[in-house]
Amino acid sequence: VQLQASGGGLVQAGGSLRLSCGASGSILRVLDMGWYRQAPGKQSELVGIIRRGGSQKYEDSVRGRFTISRDNAKNTMDLQMTSLKPEDTAVYYCNAQGIDSAMQNFDSWGQGTEVTVSS
């Protein structure tokens, strides 16, 4: 199963960006999907996850500013980021876990998309 992320870029503080992630391959069912990020010189951290049923969980610093949505029919996920801050600058990675057509579990990562927020 392959994940493709897109939508990163340069934005001024207070602005918005939308990241997208699509899963492709021999997929039976995508279960949890999530976004992670790694800022320069820091460890990777969870941004938020969305379960197949739609329930979501967010890291404290992004709650209320970021929203994750998904389309189960298309195996896609979006991250709408608003009120961006310079500390949101990072490479963002999407993740998907599920079951493939061979009835095997998968845990796949996208290639990362860079978000830079200028002050």
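In which sense do S9 and strand S11 (residues 113-118) pair, and over how many bridges? They pair in the antiparallel sense, over three bridges.

This is a predicted model, in which local features need pLDDT of at least 70 and side-chain atom pairs count only at pLDDT 80 or more, while totals for chains, interfaces and linings use all residues. Residues are numbered from 1 along each chain as its sequence is written, and side-chain values use heavy atoms, with hydrogens and water left out.

View 1. Strand S4 (residues 27-38) and strand S9 (residues 90-100) run antiparallel and are joined by nine bridges. Strands here are DSSP runs (E, at least two residues), numbered from the N terminus, and two of them pair if DSSP finds at least two bridges between them. Tyr 92 in S9 is the bridge partner of Arg 37, and Tyr 92 also stands opposite Thr 113 in S11.

**View 2. The hairpin of S9 and S10.** Five bridges link S9 and S10, which pair in the antiparallel sense, with Asn 95 standing opposite Trp 109 of S10. Four residues lie between the strands of this hairpin, where Met 103 takes a positive phi near 65 degrees.

View 3. Ser 108 belongs to strand S10 (residues 105-109), and Ser 108 counts as buried because its relative accessible area is 10%, the cut-off for buried being under 20% relative accessible area (1.4 Å probe, protein chains only). Leaving aside neighbours within four places in sequence, Ser 108 is in contact with Val 1, Leu 3, Cys 94, Asn 95 and Ala 96, where contact means heavy atoms within 4.5 Å.

Definitions and conventions:
Buried < 20%, exposed > 50% of the residue type's maximum accessible area, 1.4 Å probe, protein only.
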